[in-house]
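Look at the sequence and the structure shown here. The briefing below covers a few of its parts, grouped by topic.

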Amino acid sequence: DVSAIPGVPDWLSGHLQDEGIEALYPPQAEAVEAGVTEGANLVASVPTASGKTLVAELAMLSAVAGEESGPGSDASGASSGPLSDGGKALYIVPLRALASEKAEEFEQFERYGVEVGVSTGNYDSDGGWLADKDVIVATSEKVDSLVRNDAAWIEDLSCVVADEVHLVDDGQRGPTLEVTLAKLRQLNAGLQTVALSATIGNADELADWLDAELVDSNWRPIELQKGVHYGQALHLEDGSQQRLEVRNGESETAAIVRDTLADDGSTLVFVNSRRNAEAAARRLASTTREFLDADEREALAEIAAEIRDVSDTETSDDLADAVEGGAAFHHAGLASDHRSLIEDAFRDRLLKVVCATPTLAAGVNTPSRRVVVRDWRRYDGSTGGMAPLSVLEVHQMMGRAGRPGLDPYGEAVLLANSHDELDELFERYVWADPEPVQSKLAAEPALRTHLLATVASGFASSREGLLEFLERTLHATQNADRNELERVTDRMLDYLEVNDFLTRDGDQLQATGLGHTVSRLYLDPMSAAEIIDGLRDWERAGGTSAGRERAETAGDEAEAEEPAGFTRASELAADHGDDDGPREPPSALGLYHLVARTPDMYELYLRSGDEEEFTQLAYERETEFLGPMPSEYEDDRFEDWLSALKTARLLEDWASEIDENEITDRYGVGPGDIRGKVETTQWLLGAAESLAGELGMDCVPAIREARTRVEHGVKSELVDLASVRGVGRKRARRLYEAGIRTRADLREAEKAVVLGALRGREKTAENVLENAGREDPSMAEVEPADIDGIETT
Ligand code: ADP
């Protein structure tokens, strides 16, 4: 019964009942039993969609309410402003895209005075404004950066929740979560730690690590049947079979979607790539279309129109087309407005099928009658081949099947092409237990980053201290033998020392000024080293003539090793700088390439034909690169270089006002990818600017210009205009063509001219003028006749 939960604010039981929650689910009750509302640490390993969020909410609300509002107190619940009497709770999400989604969920408590904040945005600020919030939602990277930037409120935390904690197993991002939890717990001995996980085999190890009580449950609010479709039948795990006929010319997936619809149910289809999601949605729309009634068609047409309104791109068009037919795709390349339109329409049962990449399985609550895991292998960049998905991932996707209260049960289906595959899939996924979660901390990139940060932010000041700190990690819990970790630690300490990020005096360690900057900027030290080397190389080649000579000599020596006929880029670069005076500042392309080749930028894959195209481009523009180009004989390095060039070229196109649509076509990416690359570039160039400043280099203005150009997606002459809020790249260009070239011009310009350039949109024009700092932005006095006159000139 929800009214008998100890430690939570009095208003909560009424609130839960209003939300239709009368009783706790069994795992939730176990969590309360274990003391989650009374400050106990807890690991909850519970299936997808079994109410983990409420467990987190119970923990956070009891922590935030503090002592005062236990049972028997008379907290009115009507107070406004933060609940200053209690503590502060932090909710760590695995993906940035989930942060605002979760925060919106917690905002239901704002009416009781619980203030919610999302910490997104740059990794290099201390988020001071968050000090006034009761519940803060952030990614582990963001929390890590807040710790590095000494956010004062971090020490006021009384509760931290780690969502999807099984992701500590992720080689890329897991170590950040692991180290961040360890740091938070070291900073604050009384901190309550609640970790939520999908069902895994070794949740007890996580509980050991976090000194936590364990709720390990397989309970689900709705029955789930897993199975495999093969031939004309659905084979279920209880041994039963259902006839499920595939018609001639129809895919297995379409047959399942059709069969589910005949029973008025919806289907979620998981595929292994964005392109496949888009293609499958397009095809399945022809199946779902037949089942739509007139009202649904009308409602879907409206949603399609909204989708087209969000952005005018090919992806947007494809999505809208599919939606009109009752199908949609969903992946991380979509604009977030698109994503929420799709999620809502699916929950409202207007969309009959959604084809998704696995991102959806993690955080987004979109249950459906059936789940089809169409692809159980996906492309693996490290081997270049297809690799099977983990059991954990497949079970998480499958867990989305069945809507409590709406469906009699959920079914999750894999697809087999042969009898052997039918058996294999049963073995591999239906009957299998999820893999154990393993710490990935002992990898070099993780350690070089976290060791530097740990020293720079004062968690350790000696090699011994570092090793002691590492004792607080899951890695230490799981590995009795410390040799591996020590070995990698020593190697990484050498790396950090050689690159001037750390100094060592006996056992003592100290971060240099540069090391502190790198840690605060949230850079991988290897990215920082790459950026610094590139900038130094540029300065050297163009600085004093003595500097140029040094560079040339170095080039000659290296060339002796090269195969005949090959010309080193650094040599050409040195030639290029061989005129009088200092060398020109680096070009935008050169700077974009510099940051695109750091490990902090995700690579764009080279498609067939790309290699040739970008090799040619590399030679055409080789004088612009910072640092030597690897030889074509160094296969892997050269390919990475080209892939970075592809990214750099995309960024250059964006900063040259090329249409978004054309860019998505040209590079085979989604609009969300452009935005992602742009944001990462802004951050990395901002970091490059700080590093160059710190090292007293004179390329700072060039870096700043390249950064603001990419931020607004404009050529240099528009940077000032485009930085006025509400202007953007297209309007800036039209204003410029109408003779308005700067923010100052906007303050003086003829209103009719402004209005003409903004296509007669009065609201927009007023907004823009106001943002430019104009005193009287009103357009009321402008005569329509004047505007027309402007447009025709
Ligand atoms: P998870 O985070 O475990 O994947 P969610 O927390 O999203 O699952 O819960 C799934 C759904 O169950 C949500 O719609 C939530 O409102 C609902 N729910 C959670 N707890 C209860 C409960 N005790 N009674 C009824 N519904 C609940």
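The model is predicted.

**Helix α20**
- Helix α20 covers residues 513-520, and L514, G515, T517, V518 and S519 are buried in that helix.
- Y522 follows α20 and has a positive phi, near 65°.

**The open sheet**
- Seven strands make up an open sheet with parallel pairing, in the order β3-β4-β2-β5-β6-β1-β7.
- At the edges are β3 (116-119) and β7 (213-216), each of which pairs on one side only.
- From one strand to the next, the twist averages 15°.
- Strands of a sheet pair through backbone hydrogen bonds, either parallel or antiparallel.
- β3 and strand β4 (residues 135-139) run parallel and are joined by four bridges.
- In this pair, G117 stands opposite I136 of β4.

**Helices on the sheet**
- Helix α4 (residues 96-106) packs on the sheet and touches β2 (88-93), β3 and β4; the direction of α4 makes about 165° with that of β4.
- Helix α6 (residues 174-187) lies across β2, β5 (157-162) and β6 (192-197), and α6 runs at about 165° to β5.

**Residue L234**
- L234 sits in strand β9 (residues 233-236).
- L234 counts as buried because its relative accessible area is 0%, and the cut-off for buried is under 20%.
- Leaving out residues up to four places away in sequence, L234 touches several residues, including V228, H229, R370, E411 and V413.
- L234 and E245 are eleven residues apart in sequence, and their C-alpha atoms are 9.2 Å apart in space.

Key:
Residues numbered from 1 in each chain as written. Predicted model: local features only at pLDDT ≥ 70, side-chain atom pairs only at ≥ 80, totals over all residues. Heavy atoms only, no water. Buried < 20%, exposed > 50% of the residue type's maximum accessible area, 1.4 Å probe, protein only. Helix = DSSP H or I, 4+ residues; strand = E, 2+ residues; numbered from the N terminus. Contact = heavy atoms within 4.5 Å. Pairing = 2+ DSSP bridges. Axes fitted to C-alpha atoms, helices over the stretch in contact; angles between N-to-C directions.
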